[in-house]
Amino acid sequence: MLLNVSYNNPDVKRKINEEVGEPYGLRERIKQGGIGIGHLVITESSIQIQNFLALDKYRNKCNIELRPRGIIIGFRALLDSYALVIPYWKLNLYKGRAEEYSVYRDNYFIKIEAKAKDKKVHNFMKRILDQKAQQSPTNIDDL
């Protein structure tokens, strides 16, 4: 779900909270060692997102925020802020090329640059996969 989050709109906030859960409190943020990462360079994106990113000439960057039941990828275009809300059950995360992560939800995707020296990015992506594994239901084969 791609939403404009530029303004304090209770309906948009409610949709986000229903999809991925309420934001973590201060105690949980400290306990987890932070719940977000910023200044990730976007190398490629789906056409819907690319239409927004093409509106300005600046380098395309995004941030990722963890939520209890999913993630939110935020980016800016001109003076507006947008959020791609992805619950864990719809999240597909791939390490395609050597220096790139691909994050998919249905027909939306964003590819993020992650150089070998960017240990912080690699560790955060691993945390996302760990959170997704914890949220997924147990398979019958695991019993």
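A residue counts as exposed when its relative accessible area is over 50%. That cut-off comes up in the last legend, and every view below is taken from a predicted model.

**View 1. Eight strands side by side in an open sheet.**
Reading across the sheet, the order is β1-β5-β4-β3-β2-β8-β7-β6, and the pairing is antiparallel. The edges belong to β1 (2–4) and β6 (92–94), which have a single partner strand each, so one side of each has no neighbour in the sheet. Going from one strand to the next, the twist averages 35°.

**View 2**
To find your way in, look for Leu-2, whose bridge partner in β5 is Leu-84. Packed on the sheet is α1, which touches β1, β3, β4, β5 and β7 (100–105). The direction of α1 makes about 25° with that of β5.

**View 3. Helix α4 lying across the strands.**
This helix takes in residues 119–135 and lies across β2 (36–45), β3, β4, β6, β7 and β8 (108–113).

**View 4. The largest pocket, with about 550 Å³ of space.**
There are 31 residues in the lining, and those nearest the centre are Val-5, Gly-74, Ser-81, Tyr-82 and Ala-83. As for elements, α1 (10–20), β3 (61–67), β4 (70–77) and β5 (80–87) are the ones that give two or more residues to this lining. Sorted by class, the lining comes to 17 nonpolar, seven polar and seven charged residues.

**View 5. The second largest pocket, with about 160 Å³ of space.**
Its lining is made up of Glu-19, Arg-69, Pro-87, Tyr-88, Trp-89, Lys-132, Gln-135, Ser-136 and Pro-137. By class, that gives four nonpolar, two polar and three charged residues.

**View 6. Leu-78, a non-glycine residue with positive phi.**
You'll find Leu-78 in the loop between β4 and β5. Its phi is near 55°.

**View 7. Asp-106, with a positive phi though it is not a glycine.**
Asp-106 sits in the loop between β7 and β8, and its phi is about 50°. Is this side of the story buried or exposed for Asp-106? Asp-106 has 53% relative accessibility, and because the cut-off for exposed is over 50%, Asp-106 counts as exposed.

Key
Residues are numbered from 1 along each chain as its sequence is written. This is a predicted model: local features need pLDDT of at least 70, side-chain atom pairs count only at pLDDT 80 or more; totals for chains, interfaces and linings use all residues. Side-chain values use heavy atoms; hydrogens and water are left out. On a 1 Å grid over the protein atoms alone, a cavity is a set of points where a 1.4 Å probe fits but cannot get out, and a pocket is an open set with protein on both sides within 12 Å along at least five of seven lines; lining residues have an atom within 4 Å of a point. Grid points are joined across faces, edges and corners, and a volume is the space filled by probe spheres set on the points. Helices (H or I, at least four residues) and strands (E, at least two) are DSSP runs, numbered from the N terminus. Ala, Val, Leu, Ile, Met, Phe, Trp, Tyr, Cys and Pro count as nonpolar, Asp, Glu, Lys and Arg as charged, and the others, Gly among them, as polar. Two strands pair if DSSP finds at least two bridges between them. Axes are lines fitted to C-alpha atoms, for helices over the stretch in contact, and angles run from 0 to 180 degrees between N-to-C directions. Contact means heavy atoms within 4.5 Å. Buried means under 20% relative accessible area, exposed over 50%, partly exposed in between (1.4 Å probe, protein chains only).
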